Amino acid sequence: MKKETQIVSLGRQKKWTQGVINPPVVRASTMTFDTMEDMAFAIKNRANGEMFYGRRGGPTHFAFQSAIAELEGGVGTALYPSGSAAITGALLSFLKAGDHLLMVDSVYEPTRDLCNKLLAGYGIETTYYDPLIGKDLTSLIKPNTKVLFLESPGSITMEIQDVPTLSRIAHERDIVVMLDNTWASPINSRPFELGVDISIQAATKYIVGHSDVMMGTATANEQHWQQLRENSYLLGQCTSPDDVYLASRGLRTLGIRMAQHEQSALKVANWLAARPEVDHLRHPAFETCPGHEFFKRDFSAANGLFSFVLKEGDRASITAFVENMQHFKMGFSWGGFESLILGVFGIDKLRTSTQWDSSKPLIRLHIGLENVDDLINDLDAAFARYH
Ligand SMILES: Cc1ncc(COP(=O)(O)O)c(CNNC(=O)CNC(=O)c2ccccc2[N+](=O)[O-])c1O
């Protein structure tokens, strides 16, 4: 079955939907049992999609979890109240004091903060590595290295990683491989075929697709599913069935939305590439994006999120560019139907294992579902203000 068909049909098993199209919202903490035998059955099957207690979820959750797990090619999916909670839940499910974590240097900034401000205090040491490190990764591996964390493309600077090579190196040493797969969404990559053990999604973005729910998912392969599921449960991580309903609903249009985002983004990116003010595009489909060759090999399509670098500019000129736009709004997120713009500063101060030339300003765009000509006109006016 093709992924476009999967997103329509997955997660609609009659035992959870009772025959209606969208799995109904079932809100519950307490679930009651008529006999001790029924209760024993629920306890035995509390992690197998049977009603047990609110923290394990109910039919609304089970339907969505099964859809994401199958779409990503994993065995099971755990749900979290945000993408960052999914990252935290996955890492804490496999790391303990004294362990060493390899974290990509282009990682989403709050994930870096988690490592430096929280995990370090738990006695978990983090080493940041160049997203394009390749085989040299072996030089960073220690006897206590337990997890390799990837994010591809990387936040803001968009480097695409050679996931199969890095996964192979990790597995030669029994290191768990986790991928923040939000940019691809479950529809544009097959993380487990690339060698990943745990695929993480900020469902907040394209899966929900309407900028109105915070949610994360982590999907594991057979070898790691029980540990992820049980340790995430011990962390008390759970989600509202109302939010899960909205995420399920977003999932159904993920395919056509991603196709439209990609088409408009490529048109905008090509228009930007021709502008004399632009130094280069950091859009995975462009050769000027580091790791472009891995995008062509490992992804089936792109989406609406990419960055570009200007040849020159200071905070004042970038402010003139990003403010007073008609359609692009400034906001922290992406993946909804609206277009967003972010002038990003201080990347050089963040990175610890790669250099970044901050003399050339970077702007990140999320291309929404507006008419692409309106978006290009908006950017054209921005360049007029920028000079
Ligand atoms: C790849 C990836 N992975 C996880 C999360 C967290 O999801 P959540 O927001 O549901 O917790 C996200 C959330 N994304 N949010 C954003 O990109 C918003 N932008 C920022 O946070 C931001 C702002 C200024 C400078 C740098 C960044 N940054 O993304 O690193 C993500 O992009």
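Residues are numbered from 1 along each chain as its sequence is written, and side-chain values use heavy atoms, with hydrogens and water left out. Because the model is predicted, local features need pLDDT of at least 70 and side-chain atom pairs count only at pLDDT 80 or more, while totals for chains, interfaces and linings use all residues.

**Pockets**

Two pockets are set side by side in the table. A pocket here is an open set of points on a 1 Å grid over the protein atoms alone, where a 1.4 Å probe fits, with protein on both sides within 12 Å along at least five of seven lines, and its lining residues have an atom within 4 Å of a point. The volume is the space filled by probe spheres set on the points, which are joined across faces, edges and corners.

| Largest | about 760 Å³ | 38 residues | Tyr108, Glu109, Pro110, Ser155 and Arg364 |

Helices and strands are DSSP runs numbered from the N terminus, helices being H or I with at least four residues and strands E with at least two. Helix H5 (83-94), helix H6 (109-119), strand S6 (198-202), strand S11 (340-344) and helix H13 (347-350) each give at least two residues to the lining of the largest pocket. For the second largest pocket, helix H2 (14-17), H4, strand S1 (76-80) and helix H8 (222-234) each contribute at least two lining residues.

In the residue classes used here, Ala, Val, Leu, Ile, Met, Phe, Trp, Tyr, Cys and Pro count as nonpolar, Asp, Glu, Lys and Arg as charged, and the others, Gly among them, as polar. On that basis the lining of the largest pocket holds 19 nonpolar, 13 polar and 6 charged residues, and that of the second largest pocket holds 10 nonpolar, 13 polar and 5 charged.

**Helix H4**

Helix H4 covers residues 59-72, and at 1.5 Å a residue its 14 residues should span 20 Å, which agrees with the 20 Å between its end C-alpha atoms; the expected span is 1.5 Å times one less than the number of residues. Of these 14 residues, 13 are buried, where buried means under 20% relative accessible area, exposed over 50%, and partly exposed in between, with a 1.4 Å probe and protein chains only. Just after H4, Gly73 takes a positive phi of about 90 degrees.

**Nonpolar cores**

A nonpolar core is a set of buried Ala, Val, Leu, Ile, Met, Phe, Trp, Tyr and Cys residues joined through side-chain atoms within 4.5 Å. The largest one has 44 residues, and Leu91, Leu101, Leu148 and Leu228 have the most contacts inside it; its largest share, 6 residues, comes from H5. Apart from it lies another core, of 30 residues, including Leu10, Leu71, Met258 and Cys289.

Contact means heavy atoms within 4.5 Å. With neighbours within four places in sequence left aside, Leu101 is in contact with residues including Leu91, Cys115, Ile124, Val147 and Phe149.

**Single residues**

Tyr80 lies in strand S1 and is buried, with a relative accessible area of 0%. Although Tyr80 and Ala218 are 138 residues apart in sequence, their C-alpha atoms are 8.1 Å apart in space, and Ala218 is among the residues that Tyr80 contacts, as are Leu228 and Thr239.

Val344, in strand S11, counts as buried at 18% relative accessibility. Not counting residues up to four places away in sequence, Val344 touches Ile156 and Leu362.

**Backbone features**

Most residues other than glycine have a negative phi, and most peptide bonds are trans. A cis peptide bond joins Ser152 and Pro153, with omega of about -5 degrees, and Pro153 lies in the loop between strand S4 (145-151) and helix H7 (163-171).

Gln18, in the loop between H2 and helix H3 (36-44), has a positive phi near 60 degrees and counts as exposed at 60% relative accessibility. Asn324, in the loop between helix H12 (315-322) and strand S10 (329-330), has a positive phi of about 60 degrees although it is not a glycine, and Asn324 is exposed with a relative accessible area of 67%.
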